[in-house]
Amino acid sequence: MEEHRRSGRRGALRKVLPAVVAAGIGVAGFAVPAHGNEPGPAAATGIRQAAAADGRQASAAADFPTWGTRWVVHAGPDINSPAVGMINKTAAGQDRITADYQVDTGHRVCQDSACSTYMAHLTGPVTGFLTVVAVDVPQDRLPGIPVHGDGGRPQPGGSRQEMLNRAATWLTANDGAQVPYSQAQVWKDGYRQDCSGYASMALGLPTPGTNTVGLATDRGITRPISLDELKPGDLLIDASGDNNNRHVVIFEKWNNDAHSSYTAYEQRGGHGTDHRTLTYGLPGGDAEFTPYRPVMFGD
């Protein structure tokens with residue numbers, strides 16, 4: 001059991017600030033066609049600079065401030081594992097922690113308005129595992145710190161339903177409305193608001209998300225499959241052309257036995273997050289789309 005008290009510092013910080021805002025870097029949005037999904041040169045530069053600044057800060061020191069008092073450090077990545085020490089024993093936020101990797105436990109821990117399923121492996125001031133809720137950062141996981149020791153990539157065995165559930169959150173995340181489309185802006189969770197940023201969010205890839213070409217060509221993320229193999233959570237990707245043509249959608253289900261259309265989650269220009277019937281990649285539809293399976297599913 002985690003043992004801690006409120007410090008009054010936390011509030012709703014984690015749910016309000018995306019990584020690039022926390023880094024103090026702003027990027028401006030611009031109009032794009034509905035089928036485009038990737039940053040133009042100016043916006044891409046801004047995002048790369050923001051990500052680089054965030055990455056440099058995290059990788060250079062790999063230490064973070066904490067909040068509250070009497071947070072238990074555990075022997076393993078489980079809050080029910082034995083205690084090996086404690087941080088902030090007498091004063092809120094008195095300890096800074098250093099971490100070399102983090103683990104997604106799948107168990108949600110909350111305090112005040114902050115929640116996380118991640119536990120960080122500490123190398124100081126105590127060696128062991130600490131819930132990321134105890135760390136005073138806006139994200140629900142430590143920025144720039146590897147997940148499962150594998151650079152933050154999802155591991156085999158991830159749930160298709162969990163991916164679809166994450167995709168569905170953007171339908172109402174904007175105060176009950178869909179997240180607006182942008183090739184330059186990032187949403188409150190730190191992911192870019194274009195289609196590849198959206199797919200990256202659903203997959204649980206590191207923020208701000210990879211691009212469409214990366215989703216199609218990185219065999220650590222996906223592998224090609226046939227249309228007949230499509231299952232919930234698979235992707236249909238058009239990785240050709242420029243940033244105004246490339247696109248990715250998340251397959252949910254076939255609409256009929258003839259497989260003449262399907263329902264998918266999509267982040268599209270001029271609208272934002274959508275859940276609708278599509279024919280991309282099907283006979284008579286847009287032939288540029290190819291089906292891919294996220295390797296995190298392990299099949």
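## Close-up views of a predicted model

**Figure 1. Leu130 and the residues around it.** Leaving out residues up to four places away in sequence, Leu130 touches Trp71, Val72, Val73, Ile87, Ile97, Tyr118, Met119, Ala120 and Leu122. Touching here is contact, meaning heavy atoms within 4.5 Å. The model is predicted, so local features need pLDDT of at least 70 and side-chain atom pairs count only at pLDDT 80 or more, while totals for chains, interfaces and linings use all residues. Residues are numbered from 1 along each chain as its sequence is written, and side-chain values use heavy atoms, with hydrogens and water left out.

**Figure 2. The largest nonpolar core has 27 residues.** A nonpolar core is a set of buried Ala, Val, Leu, Ile, Met, Phe, Trp, Tyr and Cys residues joined through side-chain atoms within 4.5 Å. Buried means under 20% relative accessible area, exposed means over 50%, and partly exposed lies in between (1.4 Å probe, protein chains only). The residues with the most contacts inside this core are Phe64, Trp71, Ile97, Leu122, Leu130 and Leu142. Two or more residues come from each of the elements E2, E4, E5 and E6, and E5 gives the most, with five residues. In these names E stands for a strand (a DSSP run of E, at least two residues) and H for a helix (a DSSP run of H or I, at least four residues), numbered from the N terminus. A second, separate core has 25 residues, including Val179, Tyr191, Ala199 and Ile250. In soluble globular proteins, nonpolar side chains tend to be buried together.

**Figure 3. Phe251, Trp254 and Tyr262 form one aromatic cluster.** Rings of Phe, Tyr and Trp (its six-membered ring) pair if their centres lie within 6.5 Å; planes under 30 degrees apart count as stacked, over 60 as edge-to-face and the rest as tilted. By this rule there are seven aromatic pairs. One of them is the tilted pair of Phe251 and Tyr262, at 5.4 Å centre to centre and 50° between the planes. Phe251 belongs to strand E9 (residues 247-254) and Tyr262 to strand E10 (residues 262-268), so the pair ties together parts that are eleven residues apart in sequence. Both Phe251 and Tyr262 are buried.

**Figure 4. Glu266 makes a side-chain polar contact with Arg276.** Glu266 is in strand E10 and is buried, with a relative accessible area of 1%. The two side chains come to 2.7 Å in this contact. A polar contact is a pair of N or O atoms within 3.5 Å; within protein, one must be able to donate a hydrogen and the other to accept it, and residues adjacent in sequence count only if both atoms are side-chain atoms. Neighbours within four places in sequence aside, Glu266 is in contact with Tyr198, His247, Val249, Gly272, Thr273, Asp274, Arg276, Leu278 and Tyr280.

**Figure 5. A disulfide joins Cys110 to Cys115.** The structure holds one disulfide, a pair of cysteine sulfur atoms within 2.5 Å. The S to S distance between Cys110 and Cys115 is 2.0 Å. The torsion about their S-S bond is about 115°, so the disulfide is right-handed. Cys110 counts as partly exposed at 36% relative accessibility, whereas Cys115 counts as buried at 13%.

Figure 6. Pro125 lies in the loop between strand E5 (114-124) and strand E6 (128-131). Pro208 lies in the loop between helix H5 (195-203) and helix H6 (212-217).

**Figure 7. Arg70 and Asn88 have positive phi although neither is a glycine.** Phi is about 60° at Arg70 and about 55° at Asn88. Arg70 sits in the loop between strand E1 (63-65) and strand E2 (71-74), and counts as partly exposed at 24% relative accessibility. Asn88 sits in the loop between strand E3 (83-87) and strand E4 (96-111), and counts as buried at 0%.

**Figure 8. Ile145 is a buried loop residue.** The loop lies between E6 and helix H4 (160-169). The relative accessible area of Ile145 is 8%. The C-alpha atoms of Ile145 and Gln102 are separated by 6.8 Å, and these residues are 43 residues apart along the chain.
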